[in-house]
Amino acid sequence: MKCGFDLDHYRELLAAAKTGGYRFALFDREPAAGDLLLRHDVDLSLDAALTLAGLEAEAGATATYFLMTRSVFYNLASPEGERALARLRELGHRVGLHAVHPQLDLDERFDPVVAWHNPDPEFMREPLDGAVNAMQAPYFDPDHYRSDSNQHWRSGCPHEELAAGRFEWLQLLTHPEIWAYPGATMRETMLAMLDAERERDLARLAEDRIDLT
Ligand SMILES: [Zn+2]
Ligand SMILES: [Zn+2]
């Protein structure tokens, strides 16, 4: 099996989790043996999030999507952003806040769960008032955590260990953009995302009554 950062291998990861007997868990209770917490930090693209969310729903998987209110790449307050949020919930997923420190815009759009974007070590794991921090104990500890930052698994792709049931439980953080767009390197993947964004921006301009003739 080739450990690419693409939709085929994401499907294989979900299948591996099923083989390993894991159940999809959320940040609404402390992790227990057999739990797989699928976490997605949505840094760049709501469309990528929706692509992955649909794939997961088809596979019978439930995830928590952490969305930003202060992203420079997408606007959650736009009609498009509101539709994306509603669609994630329709597909059975949960929505948490991907916050930029120290701003916590934790309103009724979100479940009471927060993941900081690009956190500094000082506050990364600090508990919060009225919400779970996805990186606080016991939701996070290094032996029960894998992430795909910049198309790099620090401890290797977890598909084998998942299939073998080798994690007691796992928080698996993946970034939808990395998987939804093709590319053998992070740069290629980002360029593919920007190409898709350009098409989308043209459609947005037309919808905004800009004359493109
Ligand atoms: Zn793999
Ligand atoms: Zn982030």
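In which strand is the place of Val-95? Val-95 belongs to strand β4, which covers residues 94–99. The model described here is predicted. Its chain contains seven helices and eight strands, and its radius of gyration of 17 Å is close to the 17 Å that the globule rule gives for 213 residues, so the chain is as compact as a globular protein of that length.

**Overall form**

- Taken along the principal axes, the box filled by the C-alpha atoms of the chain is roughly 60 × 45 × 30 Å.
- Buried residues make up 35% of the 213 residues of the chain.
- Among contacts in the chain with a separation of 6 or more, 60% are between residues 24 or more positions apart.

**Surroundings of Val-95**

- Val-95 counts as buried because it has 22 C-beta neighbours inside 10 Å, and the cut-off for a buried residue is 20 or more.
- Phe-66 is 29 residues away from Val-95 along the chain, yet the C-alpha atoms of the two are separated by 5.7 Å.
- Leaving aside residues up to four places away in sequence, Val-95 touches Tyr-65, Leu-67, Leu-85, Leu-88, Arg-89, Arg-109, Phe-110 and Asp-111.
- Leu-88, one of the residues touched by Val-95, also takes part in the contact of α3 with α2.

**Packing of helices α1 and α2**

- Helix α1 spans residues 7–19 and helix α2 spans residues 46–58; the two pack at an angle of about 40°, with their axes 11 Å apart.
- That angle makes α1 oblique to α2, since angles under 35 degrees count as roughly parallel.
- The crossing in which α1 passes α2 is right-handed.
- From α1, the contact draws on Leu-7, Tyr-10, Arg-11 and Leu-14, while α2 supplies Leu-52, Leu-55 and Glu-56.
- Of the residues in the contact of α1 with α2, five are nonpolar, none is polar and two are charged.

**Packing of helices α2 and α3**

- Helix α3 spans residues 79–90, and its axis comes within 10 Å of the axis of α2, crossing at roughly 20°.
- The helices α2 and α3 are therefore roughly parallel to each other.
- The crossing of these two helices, α2 and α3, is left-handed.
- The contact of α2 with α3 comprises six nonpolar residues, one polar residue and one charged residue.

**Cis peptide bonds**

- The peptide bond from His-101 to Pro-102 is cis, with omega near 0°; Pro-102 sits in the loop between β4 and β5 (113–116).
- A cis peptide bond also runs from Ala-137 to Pro-138, again with omega near 0°; the loop between β6 (132–133) and β7 (145–147) holds Pro-138.

**Positive phi outside glycine**

- Asn-118, a residue other than glycine, has a positive phi near 45°.
- The loop between β5 and α4 (121–124) contains Asn-118, which counts as exposed because it has 9 C-beta neighbours inside 10 Å.
- Arg-209 is not a glycine either, and its phi is positive at about 65°.
- Arg-209 lies in the segment after α7 (186–207) and, with 6 C-beta neighbours inside 10 Å, counts as exposed; the cut-off for an exposed residue is 12 or fewer.

Note on methods:
Residues numbered from 1 in each chain as written. Chains lettered and ligands numbered in written order. Predicted model: local features only at pLDDT ≥ 70, side-chain atom pairs only at ≥ 80, totals over all residues. Axes fitted to C-alpha atoms, helices over the stretch in contact; angles between N-to-C directions. Helix = DSSP H or I, 4+ residues; strand = E, 2+ residues; numbered from the N terminus. Parallel < 35°, antiparallel > 145°, perpendicular 65-115°, else oblique. Left-handed = near helix turned anticlockwise from the far one by under 90°. Contact = placed C-beta atoms within 7 Å. Nonpolar A, V, L, I, M, F, W, Y, C, P; charged D, E, K, R; others polar. Rg over C-alpha atoms; globule rule 2.2 N^0.38 Å.
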